[in-house]
Amino acid sequence: MLAYFDSLLTLAAFADRIDEVTAGMAAALADTTARPVTIRQIAWSEAGSAEQRDWSPAARDALLAALHSGRPDVFSLNLGTPDDEKHWHFEAWRDPFQPAAALSLSLSPTGALWEPDETDDAAERVAGLLLAWQQPLDLCTGGVTYDRTGPHLSPWDAWYTMDHRISATLTRHRVRGYYWWNLLTGGHLARLGGPRALGARAAALGLAVLPAGPATVLRFPGPITAFADDRLSAVKEALTPVLIPRRYIGYSGYPLRMIADPGTAFRQVPPRDPYPRLTAGGGPLPAPED
C-alpha cells in the first residue's frame, strides 16, 4: 500500500505539522492492523551529512530544529510495532536548488505491514489520511496505489525514469501517475476542464469524481483489490491531460501497475539477454507553469 503526494509547505511550516502527521499515521495503523504502534526512528540529512536517531523527545526536538533551519534536503519517520521489523515509512524530499518545488512525500511499508485481508480497509484508510492532510499540509497532488516500488519514487516516476525532485517542480499542474485514488487540485482541474467535465468523462469510464474540500478526488469506486487493468487504463485516459509529457526509456525492476504506451512493451528482452533494451530518450519537460 503506497502513497505519493506533494506539499507546498516550507520545511519550517511542515515542522509545525509533524505531530499531526505522526498522530494520523499511528491512528491509521492502529485502525487497520489492530496491533500496538509506536514511533521508532527519525532521520534527516543536510548536504550529505546524515542524522538517524531512535525516537525520543530530544530526537523530536532536534528534528524540529533542523526543519526550522530550512536546511535538510530529506527527512523521514518510521512507525511500527515494537516487537518486529514491520514499519511504515514516511519520507520527504526538498529540492534545494528549486525554491518553487513542492516537498516530495511518500508513505511506504517495510515488511508485510498489512495482511492480504486488511488491504482494502488499509487503502481506504490511507486515502482518508491524505484527505485529512490535504489542507493542513497544503497538498497539491496525491495518489494511493497497491504496487511494489518504495519510498520517494512513485511507480510512474520509476517507469518513466523521472527524478521525483524534478516532478515536484511540476505538480501544481501535473500528477505523478494514475492510480486507484488520485487527489487533484486547482491547477489540474483547470487542465481537465473543471470538476463537471471531469465528472462526465469519469462516469463514462466507470470512475468516480468526489469533492474533497478545495480539492477533487478521481478514483475507482470499488476496493483496491478489485482495481483491474481495464480500470487502470481508464484512469490513465482520464488523467492524460495532466500527466507529465515523458517518453518511455526503459525499466528493468519489479513489474509495476502501469499501462504501456503505444509502441513500447514492459520488457523487450532479446534471447539470452536478461536486461531490456533502452528506447528513445525521455524528451524535454514542460515548464513548471505549463
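Analyst: T119 is buried, with a relative accessibility of 3%. Here buried means under 20% relative accessible area, exposed means over 50%, and partly exposed covers the range in between (1.4 Å probe, protein chains only). T119 sits in helix 4. Helices are DSSP runs of H or I with at least four residues, strands are runs of E with at least two, and both are numbered from the N terminus. The C-alpha atom of T119 lies 8.6 Å from that of T32, although the two residues are 87 apart along the chain.

A word on the ground rules. This is a predicted model, in which local features need pLDDT of at least 70 and side-chain atom pairs count only at pLDDT 80 or more, while totals for chains, interfaces and linings use all residues. Residues are numbered from 1 along each chain as its sequence is written, and side-chain values use heavy atoms, with hydrogens and water left out.

Helix 4 has a packing partner. Helix 2 (residues 18-33) packs against helix 4 at an angle of about 160 degrees, and their axes are 10 Å apart. Helix 2 is therefore roughly antiparallel to helix 4. Axes are lines fitted to C-alpha atoms, for helices over the stretch in contact, and angles run from 0 to 180 degrees between N-to-C directions. Under 35 degrees counts as roughly parallel, over 145 as roughly antiparallel, 65 to 115 as roughly perpendicular, and the rest as oblique. Helix 2 crosses helix 4 in a right-handed sense. A crossing is right-handed if the near helix is turned clockwise from the far one by less than a right angle, and left-handed if anticlockwise.

Next, the rings. The whole structure holds 10 aromatic pairs. Rings of Phe, Tyr and Trp (its six-membered ring) pair if their centres lie within 6.5 Å; planes under 30 degrees apart count as stacked, over 60 as edge-to-face, and the rest as tilted. F75 and F90 form a tilted pair, because their planes meet at 45 degrees, with the ring centres 6.3 Å apart. This pair joins distant parts of the chain: F75 is in strand 4 (residues 74-80), F90 is in strand 5 (residues 87-93), and 15 residues separate them. Both F75 and F90 are buried.

W88 and W114 make an edge-to-face pair, at 5.4 Å between centres and 80 degrees between planes. W88 belongs to strand 5 and W114 to the loop between strand 6 (103-110) and helix 4 (119-133), so the pair ties together parts that are 26 residues apart in sequence. W88 and W114 are both buried. Ring pairs also build a cluster, which links F5, F14, F75, F90 and W133.

Beyond helix 4 comes a backbone detail. D138 is found in the loop between helix 4 and strand 7 (139-145). Its phi is positive, about 50 degrees, although D138 is not a glycine. Most residues other than glycine have a negative phi. D138 is partly exposed, at a relative accessible area of 33%. H152 also has a positive phi without being a glycine, near 60 degrees. H152 lies in the loop between strand 7 and helix 5 (155-159). H152 is partly exposed, with a relative accessible area of 24%.

R148 lies over the face of Y254, 4.2 Å from the ring centre. The test asks for NZ of Lys or CZ of Arg within 6 Å of the ring centre and within 35 degrees of the ring normal.

Further out is L183. L183 lies in strand 8 and is buried, at 0% relative accessibility. P211 and L183 are 28 residues apart along the chain, and their C-alpha atoms are separated by 10.0 Å. P211 is in strand 9 (residues 208-212) and is exposed, at 75% relative accessibility.

The chain averages a pLDDT of 87, and 87% of the residues score at least 70. pLDDT is the predictor's confidence in each residue, from 0 to 100. Where pLDDT is low, the predicted coordinates should not be read in detail.
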